[in-house]
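Here are my notes on the model you asked me to look over. Please read them with the structure open beside you.

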Amino acid sequence: MSVDWNALGEVFGVSVGVTVGVVVVFALGVLGLAQAETAREQDGGTHTLGIAQAGLCFVACAAVVAYGIYLIVPQFH
């Protein structure tokens with residue numbers, strides 16, 4: 001039995017990259033919600049850009065999670 005170290009390294013690299021990417025996108029979504037809340041308190045209502053940013057980021061995170069579940073569960077193939 002032999003281990004393909006190159007393939008293992010690729011899987012590790014992609015896993016770390018996707019994990020960091022999802023965390024960054026989620027953090028941007030939280031930032032968008034914070035900006036929307038700040039804009040709502042200061043301006044009295046111009047917070048749609050922050051809400052749109054947060055929604056887009058959270059939908060992207062949910063899509064990555066759903067794709068991961070699709071890859072793991074064999075009944076979905």
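1. Helices (H or I, at least four residues) and strands (E, at least two) are DSSP runs, numbered from the N terminus, and the expected span of a helix is 1.5 Å times one less than its number of residues. The 39 residues of helix 1 (residues 5–43) should therefore span 57 Å, and the 56 Å between its end C-alpha atoms agrees with this. In the protein chain there are 2 helices and 0 strands.

2. This is a predicted model, in which local features need pLDDT of at least 70 and side-chain atom pairs count only at pLDDT 80 or more, while totals for chains, interfaces and linings use all residues. Residues are numbered from 1 along each chain as its sequence is written, and side-chain values use heavy atoms, with hydrogens and water left out.

3. The protein chain has a radius of gyration (taken over C-alpha atoms) of 18 Å, whereas a compact globule of 77 residues would have one near 11 Å, by the rule of 2.2 Å times the number of residues to the power 0.38. Along the principal axes, its C-alpha atoms fill a box of roughly 65 × 30 × 10 Å.

4. Of the 77 residues, 10% are buried, meaning under 20% relative accessible area, with exposed meaning over 50% and partly exposed in between (1.4 Å probe, protein chains only). Helix 1 has Gly 29, Gly 32, Ala 36 and Ala 39 among its buried residues, and helix 2 (48–72) is included in what covers the buried residues of helix 1.

5. Phe 76, in the segment after helix 2, is partly exposed, because its relative accessible area is 48%.

Methods:
Contact means heavy atoms within 4.5 Å.
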